[in-house]
Every structure is written in C-alpha cells, then in structure tokens.
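Work through the exercises below with the sequence and the model open. Each task is followed by a solution in steps.

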Amino acid sequence: LVKRYGGRAVVDGLDLTVERGEIVALLGPNGAGKTTTAEIIEGYRPADAGTVRVLGQDPRTGGRALRSRVGVMLQSGGFDMRARPAETIRQYARFHDQPRDPDELLELVGLATVASTPYRRLSGGERQRLSLAVALVGRPEVLLLDEPTAGMDPEARAVTRELVTGLRGEGIA
C-alpha cells in the first residue's frame, strides 16, 4: 500500500493481513501514516498504489453491504453537541438490520450513568466511549479504532482494552 501527499510518501509499501479475531495496532509518531492507512481501509481515501481488501471486497466500491460489516471509531466523533448518548446510539442502531441493544451498549462502554447527558457536557473519555459504542452497534466483523483511548482516564483505558480483547474472542478483527 502506498499513499503520497505531494512528493512525500506517508504510507510506503505497507503489506498487512489481519485474520478473524486478530488485533493489530499501528504505532508510530504523528505523520507516520496511521490515520491515512485507516482511512484507506475504511474506503474514505484512495490509495496511490497497492490493493486493499476488507472482507474480500474493495472498501471504495463495497457499498452498503460492506459498510454494514465494518465498525469505525474515528479520532473525533462528530456528534451533535445537543444529542445524548442514549439517543445517539438508538439513532445509529436504526441504520442496521440486527443492531446490538443500545441499553446493553451503554452498560458495556460505561455510559449508562450519563445516558441522558448532552454530548457537549461529556468528558473527553466519555465522548470516546460513545464513539466506540456507535462503532459496535451494527455487530461488525471488522472494527477500526483510531486512537480509541485518547482522552480517557487510566481506568477507562483499562476497561476499553478489556472490551477490545473480549471482542477478539467473538471473532471480530
């Protein structure tokens, strides 16, 4: 996989295969191409060279059928500042044929006590947990997490890592 910005290669010859139930972390300094790689895998950005397949399909052309099988947690959620976690998860659940139960997700990610709090009043860690819940609502087979524990306190980080490990046990890559 290759992606250039101007004359600079930010992803230069990445070769990666991820199997069912496998967790892969891309580590590196700012500007190393981690987010760019995730965006290419998500189908949001074209590669300059190379082939990308997610669940056997090209993410740029896989359409709704592929998108329904992939959960994405971006670095920043982009949610309506007035929306509340419970209503946000319920809204996203309506986009899927067999979503996870929104109340179960609120418990799972530790947002049940703030389910009625407007997004603008959530802490950075709570906002991250809401993004994770939204990424999980459609029961994805592949989960792409871009800096999933950014802004979380140490306890929330530990809970999130434990949750991701549990998802691996369910066969989610």
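**Exercise 1.** Leaving aside its neighbours within four places in sequence, which residues is Gly 71 in contact with?

*Solution.* The model is a predicted one, in which local features need pLDDT of at least 70 and side-chain atom pairs count only at pLDDT 80 or more, while totals for chains, interfaces and linings use all residues. Residues are numbered from 1 along each chain as its sequence is written, and side-chain values use heavy atoms, with hydrogens and water left out.

Step 1. Helices (H or I, at least four residues) and strands (E, at least two) are DSSP runs, numbered from the N terminus.

Step 2. List the contacts, where contact means heavy atoms within 4.5 Å. With neighbours within four places set aside, Gly 71 contacts Ala 135, Pro 140, Val 142, Leu 143 and Leu 144.

Step 3. Check the accessibility. Gly 71 has 4% relative accessibility and therefore counts as buried; buried means under 20% relative accessible area, exposed over 50%, and partly exposed in between (1.4 Å probe, protein chains only).

Step 4. Compare sequence and space. Gly 71 and Arg 139 are 68 residues apart along the chain, and their C-alpha atoms are separated by 7.7 Å. Arg 139 belongs to the loop between H5 and S4, and its phi is near 55°, a positive value in a residue other than glycine.

**Exercise 2.** Which residues of helix H1 are buried, and what covers them?

*Solution.* Step 1. Helix H1 spans residues 34-42, and its buried residues are Thr 36, Thr 37, Ala 38, Ile 40 and Glu 42.

Step 1. The cover over these residues includes strands S1 (2-5), S2 (8-12), S3 (70-73) and S4 (142-145).

Step 2. Look just past the helix end: Gly 43 has a positive phi of about 90° there. Another positive phi, about 50°, is found at Glu 147, which is not a glycine. Glu 147 sits in the loop between S4 and H6 and is partly exposed, at 40% relative accessible area.

**Exercise 3.** Describe how H5 and H6 pack.

*Solution.* Step 1. Two packed helices are described by the angle between their axes and the distance between the axes. Axes are lines fitted to C-alpha atoms, for helices over the stretch in contact, and angles run from 0 to 180 degrees between N-to-C directions.

Step 1. For H5 (residues 124-136) and H6 (residues 154-169), the angle is about 10° and the axes are 12 Å apart.

Step 2. H5 and H6 are therefore roughly parallel to each other. Angles under 35 degrees count as roughly parallel, over 145 as roughly antiparallel, 65 to 115 as roughly perpendicular and the rest as oblique.

Step 3. On the H5 side the contact uses Arg 129, Leu 132 and Leu 136; on the H6 side it uses Ala 156, Thr 160, Leu 163 and Leu 167. These residues divide into 5 nonpolar, 1 polar and 1 charged. Here Ala, Val, Leu, Ile, Met, Phe, Trp, Tyr, Cys and Pro count as nonpolar, Asp, Glu, Lys and Arg as charged, and the others, Gly among them, as polar.

**Exercise 4.** How many aromatic pairs does the structure hold, and which residues do ring pairs link into a cluster?

*Solution.* Step 1. There are 3 aromatic pairs. Rings of Phe, Tyr and Trp (its six-membered ring) pair if their centres lie within 6.5 Å; planes under 30 degrees apart count as stacked, over 60 as edge-to-face and the rest as tilted.

Step 1. One of the pairs is Phe 79 with Tyr 92, edge-to-face, at 5.9 Å centre to centre and 90° between the planes. Phe 79 lies in the loop between S3 and helix H3 (85-93) and Tyr 92 in helix H3, so this pair ties together parts 13 residues apart in sequence. Phe 79 is buried at 11% relative accessible area, whereas Tyr 92 is partly exposed at 27%.

Step 2. Phe 79 also pairs edge-to-face with Tyr 119, at 5.6 Å centre to centre and 70° between the planes. Tyr 119 lies in the loop between helix H4 (102-108) and H5, so the pair ties together parts 40 residues apart in sequence.

Step 3. Ring pairs join Phe 79, Tyr 92, Phe 95 and Tyr 119 into a cluster.
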